[in-house]
Amino acid sequence: MIKKRYLMYISQNYSYAILRPLQAVIRAQGGEVCWFLEGNEVNSAFLKADEQRLFSIDAVNSWKPDAVFVPGNVVPNFIPGIKVAVFHGFNAGKINRKGREDHFEIRDCFDLYCTQGPNTTQRFEALAAQHKYFVVKETGWPMLDPLFMPVVDNPYIVPSDTRKTLLMCSTFSQKLSCAPHLLTLMSRLAAKGNWRILVQFHPKMPSEIVNQYKGIVSDNLTFVETDNVIPLLQAADVMLCDTSSILNIFLLLKKPVVTFRNRTNAAYLLNVETQDQVESTIEHALTCPLKLMASIEAFCQQMHPYNDGKSSERVLAATNALIDNPDRERVRKPYNLIRMLKLRRKLGYWKLKCWR
């Protein structure tokens with residue numbers, strides 16, 4: 001039997017953690033995996049010794065993957081393989097420049113969307129009926145497979161420190177980020193020492209803000225830069241966030257989240273509008289109030305009901321079903337000329353081959 005080939009197409013460091021559980025399942029089933037790193041925002045140093053990298057589009061085309069997994073928004077149509085969207089996060093309700101929810105923006109790139117739960121599956125199924133050239137399969141999210149398994153020797157857990165752990169996360173968007181507004185508060189909370197504080201930001205966070213938070217690091221506050229946030233999430237008791245989709249992952253651990261100026265007004269969040277409310281709301285969250293926890297449970301069932309650690313297996317099964325079905329496309333994907341020209345320029349690739 002000929003082994004199937006799968007390309008991991010990434011452009012951000014957080015994509016390693018999203019795709020590695022899927023890589024493990026592929027390897028266990030006898031498939032081959034290679035990685036392609038697009039652009040300069042992804043660090044090749046995070047590749048492991050046993051992970052093979054393809055350095056050019058020509059190399060990708062020569063290798064001829066059967067499928068391409070993408071935890072991002074776009075992928076070239078001038079490389080082979082069915083294109084599978086596995087998403088870089090949960091729907092955080094962000095509105096793009098076109099006035100639409102960015103999570104559901106169709107960019108004419110994918111053959112298969114592997115959705116995370118009912119509240120996104122239904123929307124994508126409606127879009128599939130409209131566009132007719134892609135398939136939707138609810139699988140759960142590969143990145144979360146390790147979330148439901150204990151991390152051995154978690155570096156962010158200090159058994160000798162019995163204080164509660166606060167994890168602060170923030171998106172990079174200037175309009176949505178809590179980081180610029182809470183620097184003084186976080187410095188004061190660290191000085192009080194009531195909690196262990198971990199701080200982790202989106203990789204696109206402006207460097208001046210990152211440096212400001214690195215400037216308040218102390219015995220009580222640690223700034224973390226990592227390509228794998230799951231150990232961080234498992235180590236924390238409560239999260240302080242804004243509108244970043246990482247808060248949704250944290251909620252799946254059935255832990256409370258305090259948000260700063262979140263726009264959803266959701267019952268499963270404890271939202272505040274001013275700095276003065278943050279500390280007392282964190283203290284309230286740590287009591288795990290029953291009404292809040294019930295709202296979190298209901299939300300998780302809609303967002304990602306899978307806690308069996310087998311989402312990667314479902315993604316691979318859906319992908320293989322599409323690879324093995326020669327009549328998979330009812331309609332051919334659009335040529336997507338403008339977007340593909342931008343990708344060609346970014347990648348420096350001008351050969352005319354187009355796999356669509």
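This is a predicted model: local features need pLDDT of at least 70, side-chain atom pairs count only at pLDDT 80 or more; totals for chains, interfaces and linings use all residues.

Biologist: OK, rings to begin with. How many aromatic pairs does a search of the whole structure find?
Modeller: The search turns up 16 aromatic pairs. Take Phe87 and Phe124: their ring centres are 5.4 Å apart with the planes at 55°, so that pair is tilted.

Biologist: And where do those two sit in the chain?
Modeller: Phe87 is in the loop between β4 and β5, while Phe124 is in helix α3, 37 residues apart. Phe87 is buried at 9% relative accessible area, and Phe124 is buried at 0%.

Biologist: Which residues do ring pairs link into a cluster?
Modeller: That cluster takes in Phe87, Phe104, Phe110, Tyr113, Phe124, Tyr133 and Phe134. Phe104 also has the charged end of Arg123 over its ring, 3.9 Å from the centre.

Biologist: Switching topic: which residues have the most contacts inside the largest nonpolar core?
Modeller: Met186 and Tyr213, in a core of 119 residues. Helix α1 gives the largest share of this core, 7 residues. Tyr213 is in contact with Met186 itself, and also with others including Leu183, Val199 and Phe223.

Biologist: Last one, Arg196. Is it buried or exposed?
Modeller: Arg196 is buried, because its relative accessible area of 11% is under 20%. You'll find Arg196 in strand β8.

Biologist: What does the side chain of Arg196 reach?
Modeller: It reaches the backbone oxygen of Tyr156, at 2.9 Å. Arg196 is also in contact with Asp161 and Asn220, among others.

Conventions:
Residues are numbered from 1 along each chain as its sequence is written. Side-chain values use heavy atoms; hydrogens and water are left out. Helices (H or I, at least four residues) and strands (E, at least two) are DSSP runs, numbered from the N terminus. Buried means under 20% relative accessible area, exposed over 50%, partly exposed in between (1.4 Å probe, protein chains only). A polar contact is a pair of N or O atoms within 3.5 Å; within protein, one must be able to donate a hydrogen and the other to accept it, and residues adjacent in sequence count only if both atoms are side-chain atoms. Contact means heavy atoms within 4.5 Å. A nonpolar core is a set of buried Ala, Val, Leu, Ile, Met, Phe, Trp, Tyr and Cys residues joined through side-chain atoms within 4.5 Å. Rings of Phe, Tyr and Trp (its six-membered ring) pair if their centres lie within 6.5 Å; planes under 30 degrees apart count as stacked, over 60 as edge-to-face and the rest as tilted. A charge sits over a ring if NZ of Lys or CZ of Arg is within 6 Å of the ring centre and within 35 degrees of the ring normal. Lists of a residue's contacts leave out its neighbours within four places in sequence.
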